[in-house]
Amino acid sequence: MNEIEVMRILNQLINELVSRRGKTGRSSINQLSKVLLSRHVHIFNYINETNKLDIGMHEKIFMFINNCEKATCPQCGKQTRFESVTYGYRYYCSDTCANLDESTINKSKKSLLEKYGVDNPFKLPENIRAARLRRITSVQKSLKDGHQISPIYNPAGCQYFNQLMLESNTFIQHAENGGEYYIKELGYWVDGYDKENNIVYEYDEDHHFAYGKICERDLRRQQEIENLLGCKFIRINARNKNKS
Ligand SMILES: [Zn+2]
């Protein structure tokens with residue numbers, strides 16, 4: 001009997017064991033596997049010869065089929081518990097080691113936090129941008145499908161820009177005179193854009209501020225836009241109309 005033949009019969013046995021598992025319960029599985037294997041005495045011997053004798057039949061089958069040794073804990077190197085012929089070995093030897101690894105994960109979270117100001121890679125600027133672009137694609141698709149999506153904007157901001165245009169003799173594109181300017185590379189709409197002078201305007205309402213300072217997120221967004229357009233960026237505080 002060659003190895004392929006042994007594997008084929010073993011796989012059959014495993015399938016039989018797994019399908020009977022519900023009916024027999026966990027405790028009798030080792031017993032059952034012995035019975036099933038005894039029908040194939042040569043395989044039984046084969047396994048007993050090729051593996052050590054101080055481990056259970058199920059584990060032997062698992063080791064044989066997967067051509068593996070006992071598994072060890074990635075934290076401490078101790079051997080981990082064998083669970084079942086379908087599951088194999090536990091990853092950690094104990095909860096203590098699993099929790100230790102958790103603290104390693106927290107450490108990497110912490111370094112993400114220090115490097116990028118986020119605790120989760122999904123919150124990295126490039127990933128947020130990717131998610132936003134996906135959202136925009138779906139918005140564009142639904143527009144094409146005939147659904148109307150009206151952008152949310154602040155009419156007071158438009159009035160402000162209208163006044164500013166009169167005073168400075170410039171044209172600032174905004175929601176009510178052509179639609180908010182859309183930066184397709186970044187997936188952002190800006191409140192106002194003076195294309196001729198390359199000035200972006202943001203009309204910041206209260207929710208853009210935390211403790212009197214403009215939000216981190218808005219500043220990152222501003223930086224991205226400045227980097228791309230090489231523009232001047234003017235923020236107007238909606239409350240007091242101060243520029244910054
Ligand atoms: Zn361990």
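Begin with the whole protein chain, coloured by secondary structure: in this predicted model, the chain has eight helices and nine strands. Of its 244 residues, 16% count as buried, and among the contacts between residues at least 6 apart in sequence, 43% join residues at least 24 apart.

Next, select β5, β6 and β9, which form an open sheet of three strands in the order β5-β6-β9, with mixed pairing. The edge strands, each of which pairs on one side only, are β5 (residues 192–194) and β9 (residues 232–237). If you look across the sheet from one strand to the next, you will find a twist that averages 20°. As background, the strands of a sheet pair through backbone hydrogen bonds, and this pairing can be either parallel or antiparallel. Zoom in on β5 and β6, which run antiparallel and are joined by three bridges; here Gly192 stands opposite Tyr201, a residue of β6.

Now show the side chains of Tyr160, Phe161, Ile172, Tyr181, Val190, Tyr193, Val200, Tyr201, Tyr203, Ile225 and Ile236, the 11 residues that make up the largest nonpolar core. Helix α7 (residues 155–168) and strand β6 (residues 199–204) each supply at least two residues of this core, and it is β6 that gives the most, with three residues.

Within this group, pick Phe161, which lies in helix α7. Is Phe161 buried or exposed? Phe161 counts as buried because it has 25 C-beta neighbours inside 10 Å, where 20 or more are needed for that label. Leaving aside residues up to four places away in sequence, Phe161 touches Ile172, His174, Gly192 and Tyr201. If you then draw a distance from Phe161 to Tyr193, C-alpha to C-alpha, you will find 9.6 Å in space, although the two residues are 32 apart in sequence.

Move on to Val200, another member of the core, and display the residues around it. Which residues does Val200 touch, not counting those up to four places away in sequence? They are Val190, Tyr193, Ile225, Leu229, Cys231 and Phe233.

Finally, select helix α8, which covers residues 216–229. At 1.5 Å a residue, its 14 residues should span 20 Å, and because its end C-alpha atoms are 20 Å apart, the model agrees with that expectation. Stop at the residue that follows α8, which is Gly230, and note that its phi is positive, near 60°.

Terms used:
Residues are numbered from 1 along each chain as its sequence is written. This is a predicted model: local features need pLDDT of at least 70, side-chain atom pairs count only at pLDDT 80 or more; totals for chains, interfaces and linings use all residues. A nonpolar core is a set of buried Ala, Val, Leu, Ile, Met, Phe, Trp, Tyr and Cys residues joined through C-beta atoms within 7 Å. A residue is buried if 20 or more other C-beta atoms lie within 10 Å of its own, exposed if 12 or fewer, and partly exposed in between; C-beta atoms are placed from the backbone. Helices (H or I, at least four residues) and strands (E, at least two) are DSSP runs, numbered from the N terminus. Two residues are in contact if their C-beta atoms, placed from the backbone, lie within 7 Å. The expected span of a helix is 1.5 Å times one less than its number of residues. Two strands pair if DSSP finds at least two bridges between them. Axes are lines fitted to C-alpha atoms, for helices over the stretch in contact, and angles run from 0 to 180 degrees between N-to-C directions.
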